[in-house]
Amino acid sequence: MQFEVWAPQAGQVGLRLNDSTRNMAPDPERAGWWYVEAPAADGDRYGFLLDTDRDTDAPDGQAPPVRPDPRGRRLPDGPDGLSAVVDFEALFPEVPAPAPRTSLQDAVLYELHIGTFTPEGTFDAAAARLPHLAALGVTHVELMPVCSFPGRHGWGYDGVAPWAVHEPYGGPAGLARFVEAAHGAGLGVVLDVVHNHLGPSGNHLPAFGPYFTDTHHTPWGAAVNLDAPGSDEVRAYLIGSALGWLRDYRIDGLRLDAVHALADGRALTFLEELAAAVDAFGVETARPLFLIAESDQCDPRTTTPRTAGGLGLTAQWNDDFHHALHCALTGESQGYYADFAGAPLGALAKTMTRAFFHDGTWSSFRGRTHGRPVDRRRTPAHRFLGYAQTHDQVGNRALGDRLAASLSPGLLACAATLALTGPFVPMLFMGEEWGAGTPWQYFTDHPDPALAEAVRTGRRREFAAHGWKAEEIPDPQDPATRERSCLDWAEPEAAAHARLLEWYRTLIALRRTLPDLRDPDLAAVRVACDEERRWVTFRRGDVRVAVNLSAEPVTIALGRNGVRVLASWEPLEHPGPDGRLHLAGESAAVLGP
């Protein structure tokens, strides 16, 4: 087996494999690379010795550290332990379950955190719940990050080994079993990956080479090196990691965290290079792979094809739709919600027809104009994801409270209707489908006491600025914070939860069976709303959707179009010959020919 590593600053590199050490040789064809051949089997532990560590990280009289492989696929003892060899041919059956070929246009995604989807917090425990998702009707599971990070529990965005799988979740074998089970249940798997930063503890990359640069500064410190000297190799490192998830674990797509935070001044951006590589791999393997960006820039160029001057990503999250919907449902107006709170139904109507609310408009939250218009004639609706809740929008609240903590079942049903029958690719956040009563709070498990205290005090200081008392903010390091965030799988059986769950199933089935609800034509969407009476209706082809957010019943004139009720949250008569619909308070209905 060939072991290799990029360490351009080293004058000598050694391989520690099990109990033996071998000197590595410079690769004559690749500057900065070192390699050595050595017999190895699945599970063998190994790491690298760098002569540059002798004077920096090794105290007097002690041997320099043995560092894990930056491209290591398994870290059995965590980020500070040795890497382990992984035999990928042994992870999947000889004839694996075929991956679903559902396109993003026809998809319904389900965001899931392995560590809290079940109390056990493992891939295997999550796989046992996949029949629930198959019965729900979603097409893809979107896993929050599973890269290795210090400690056992966390959101996953402090990962420090972009090629390795978090061992407490089940490691590489556990992820492979999960993907195989998902494919066997007819579900695709999307993985959330983080390229804009690495976590603050357990990061060994700087010892190997210029993976970071002080050319740019980010909220996390030095930026990942995408445009300074050495950035060609750093880009190759991240693209290789991305392709590894798709190739070795048979994952069907990637969600790219906060791409607006990628500091990249090169003419050919990292995102373009990554998209081209994934597209080429998709063609090579005849698989419909896709990349979904999280971006707060409201920039349609993110998903514009590269041939038309864009970055060429498949789709992007649409937070503007979420913010407008959230304001319409809750009346909240703090922070970034202030931009949407003045006329939330009007803001919602704009996002449903033009994708972005901020398309060159003034943002009071930012103190400047923001965004760029979407060309509705050329941009299909499935370039955007629409949602009522996400891990960010729940977990970044002070108490991690879901919509179910403050809204009636009827308003939850209205939120589901707008997300699942609207023009964008719908995404749910785990437990939303039954109105989960459990919060989803910010939790960490940093082994470093100083870092743990810094996170704890920083979190409390952040919310103190908004009027919260320190003792009201859950301690991220308290194991109870994570335990409170685990889904309660007894809830879906309770009558109140079961009714909402059935409504989600009904809406997803309608989206699957009615082509008009998957029509990508944004310009064809027609929306009407009444801010004072709090109702909104929209038309997608021959399908009409009516939503009443008021507690009082309303009468809505749909016009003489012969539609009938296909589904409704509350009992509802078909519209009469005059086309007037009498809709109960906090209710929604889908109508068609």
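Mentor: Buried means under 20% relative accessible area, exposed over 50%, and partly exposed in between, with a 1.4 Å probe and protein chains only. Cys-414, at 0% relative accessibility, counts as buried. This is a predicted model, in which local features need pLDDT of at least 70 and side-chain atom pairs pLDDT 80 or more, while totals for chains, interfaces and linings use all residues. Residues are numbered from 1 along each chain as its sequence is written, and side-chain values use heavy atoms, without hydrogens and water.

Helices (H or I, at least four residues) and strands (E, at least two) are DSSP runs numbered from the N terminus. Helix 7 covers residues 270–285. Its 16 residues reach 23 Å from first C-alpha to last, close to the expected 22 Å (1.5 Å times one less than the number of residues). Its buried residues include Phe-270, Leu-274, Val-278 and Phe-281. The buried residues of helix 7 pack against helix 6, strand 15 and strand 16, where contact means heavy atoms within 4.5 Å. Just after the helix, Ala-286 has a positive phi of about 55 degrees.

Now the charged pairs. A salt bridge puts a side-chain nitrogen of Lys or Arg within 4 Å of a carboxyl oxygen of Asp or Glu. Asp-248 pairs with Arg-73 at 2.8 Å; Asp-248 lies in helix 6 and Arg-73 in the loop between strand 6 and strand 7, 175 residues apart. Both are buried. Asp-248 also meets Arg-247 at 3.0 Å, and Arg-247 is partly exposed because its relative accessible area is 41%. In strand 15, Arg-255 belongs to a salt-bridge network with Asp-192, Asp-257 and Glu-294.
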